[in-house]
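Hi everyone, thanks for making time for this. I'd like to walk you through one model today, so let me put it on the screen.

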Amino acid sequence: MNVGVSTSSPLPPPSDTSVVTSTFSTVDYVVFILLLVLSLAIGLYHACRGWGQHTIGQLLMADRKMTCFPVALSLLATFQSAVAILGVPSEIYQFGTQYWFLGISYFLGLLIPAHVFIPVFYRLHLTSAYEYLELRFNKAVRVCGTVTFIFQMVIYMGVVLYAPSLALNAVTGFDLWLSVLTLGIVCTVYTALGGLKAVIWTDVFQTLVMFLGQLSVIIVGSAKVGGLGHVWDVASQHGRISGIELDPDPFVRHTFWTLAFGGVFMMLSLYGVNQAQVQRYLSSHTEKAAVLSCYAVFPCQQVVLCMGCLIGLVMFAYYQEYPMSTQQAQAAPDQFVLYFVMDLLKGLPGLPGLFVACLFSGSLSTISSAFNSLATVTMEDLIRPWFPQFSEVQATMLSRILAFGYGLLCLGMAYISSHLGPVLQAAISIFGMVGGPLLGLFCLGMFFPCANPPGAIVGLLAGLIMAFWIGIGSIVTSMGSSMAPSHPNGSSISLPSNLTTVTMTTLMPSTTLSKPAGLQHLYSLSYLWYSAHNSTTVIVVGLIVSLLTGGMRGRTLNPRTIYPVLPKLLALLPMSFQKRLHCRSCSQDLSMDTAMFPEKMSNGMLRGSRDKEAMAVPEEGSAHQASSPTFILQETSL
């Protein structure tokens, strides 16, 4: 069954009741302004505390002294943007609860980063995730990864600032450019002056505001329609409670497999290798704290997903009893929630302002993380390697200037977004397109010791080409199909001049009733498989090119940059098998080591040198020759 087409009854017809008036009261403005003032105050507090004594480590890495709790909430807030707050309820309202199964992917999507990526990154004592690429490959691969990330975030941060402001303007009459400028300026000031510590603690505050805003909607809405039990009954009667769809077809938009396993790769691209998240892991005071913060995100993500889905169900039950106005029925998908909230909370001073503060908190947390991570990679990957003579004071000042510069660039991108028209959807989709190839690049280096720099660069380029080919093709196809009439409950969305419509088409790509063929069929690949498909392309092409160019023969390989997949898998075998394999591998390794390092073996020093190397951070050029995969495996398993 195609989940893009619902079998439930049609949505309630629009009524000719009066248009929703969404004027803010004085209390609402006070609540909203309080959010901005407190966010700014937190940033300025950390900026003024020890002013003049800040180091580059304090500014970019919070001096690596953060504890588990603030890091976990900051990890949660980083990609909990206003687009997601508006999008998930709208998805549930239109298509039912199938999307809720995405929560299953959070388990592996957070467990793998906690036990694979965090240990490797943390023990290398990195500042930028892309430093890993130089340690594993070379400087050219590091620059390619950095430039790709900068392109991804610059395009995205303008959109995530502009699109929610436009939706807010359409529904509440809130001045568009006043909200854009206010968000941009406040975020730039506290990020540039306070650094990562200010960003993390403002994320904590903004996360609490997001929870309160969404919780208020659930409580008030469910109370008005007779409780959550009644909400569930109404949704079930109208076919909005979805069963487990076990169709393995990757071209079906939402199935259990697509959400549970395709979603894992999406989560890995966000929580495994994205600089904004890696930087928070590395700011933790210990590796254990970094792992615990990743664990703590799991229940928080489940709560956030449940709240978004419940808002969608409450909204559906509400409009079964209170028909929509004509204006609401003709609104863009990302405006559904705003119309519902303003209709629901009218007459309750302060609550509309709290929900708007919730939306702006989502934007602030995402944008501030983008500013900080962009300033970090630009400083550490593109400037300091070429200008190592910078003093601590100069580097700190330049980092602040970079954050200010990216803040101004974000405002410029928001202005450009206002003139993009339908191309805005492509700009939003770029974020998802680029995440997969970057994930593939890190996996290629971490899991495959034979991968070499030429293979990494060619693989990354192949992954990006594949990502843009399928992604842009899907957008163009969906834009063309949206012009045709669709089923009342289908996911085809019209594209009027209002740009907010295309914001949600990334979350809810259009599907048509006819079966596509040829390239059209390829373009209908579910968006949740994009990361898996594109990262796999990078790995396959990278391995082929590496093998054709001699692998790592003649090149140095730092064993600490490899995750020992085979020893970890062998550890799952029964102990008797492990002992047999261990004895056999030890005898092979001993003969190999004697051949490679006869002087160390004769002095009985080989084991000690390995133990020392396992404890110390390797310096450039200190890695062993990688001519023996057996030796590499033994090193990395220590």
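What pLDDT does the protein chain average? The average is 79, and 78% of the residues score at least 70. For anyone new to the term, pLDDT is the predictor's confidence in each residue, from 0 to 100. This is a predicted model, so to speak about local features we need pLDDT of at least 70, side-chain atom pairs count only at pLDDT 80 or more, and totals for chains, interfaces and linings use all residues. Residues are numbered from 1 along each chain as its sequence is written, and side-chain values use heavy atoms, with hydrogens and water left out.

Where pLDDT is low, the predicted coordinates should not be read in detail.

On to the overall picture. The protein chain has 26 helices and two strands; these are DSSP runs, numbered from the N terminus, with helices being H or I of at least four residues and strands E of at least two. Of the 638 residues, 56% are buried. Buried means under 20% relative accessible area, exposed is over 50%, and partly exposed is in between, using a 1.4 Å probe and protein chains only. Among contacts between residues at least 6 apart in sequence, 86% join residues at least 24 apart. The accessible surface comes to about 25200 Å², and 69% of that belongs to carbon and sulfur atoms. Those areas come from the Shrake-Rupley method with a 1.4 Å probe, and for residues only the protein chains shown count as cover.

Please look at the surface next. Phe107, Leu108, Ile244, Leu246, Trp257 and Phe261 form a nonpolar patch with about 580 Å² of accessible area together. Helix H5 (105–123) and helix H10 (256–271) are the elements that give two or more residues to the patch. A patch takes residues with over 30% relative accessible area and no salt bridge; like charges are joined within 9 Å, and nonpolar side chains (Val, Leu, Ile, Met, Phe, Trp, Tyr) within 5 Å. Phe261, in helix H10, has a relative accessible area of 40%, so Phe261 counts as partly exposed.

How many salt bridges does a search of the whole structure find? Eight, where a salt bridge is a side-chain nitrogen of Lys or Arg within 4 Å of a carboxyl oxygen of Asp or Glu. One of them pairs Asp203 with Arg280, with the closest N and O atoms 3.5 Å apart. Asp203 sits in helix H8 (residues 176–225) and Arg280 in helix H11 (residues 275–282), so the pair links distant parts of the chain, 77 residues apart. Both Asp203 and Arg280 are buried.

Glu380 pairs with Arg384 at 3.3 Å between the closest N and O atoms. Glu380 is buried at 11% relative accessible area, whereas Arg384 is partly exposed at 26%. Salt bridges that share partners also join Glu134, Arg142 and Asp381 into one network.

Last, the cysteines. The whole structure has zero disulfides, a disulfide being a pair of cysteine sulfur atoms within 2.5 Å. For Cys187, the nearest cysteine sulfur is that of Cys410, 7.5 Å away. Cys187 is buried, with a relative accessible area of 0%.

Definitions and conventions: Contact = heavy atoms within 4.5 Å.
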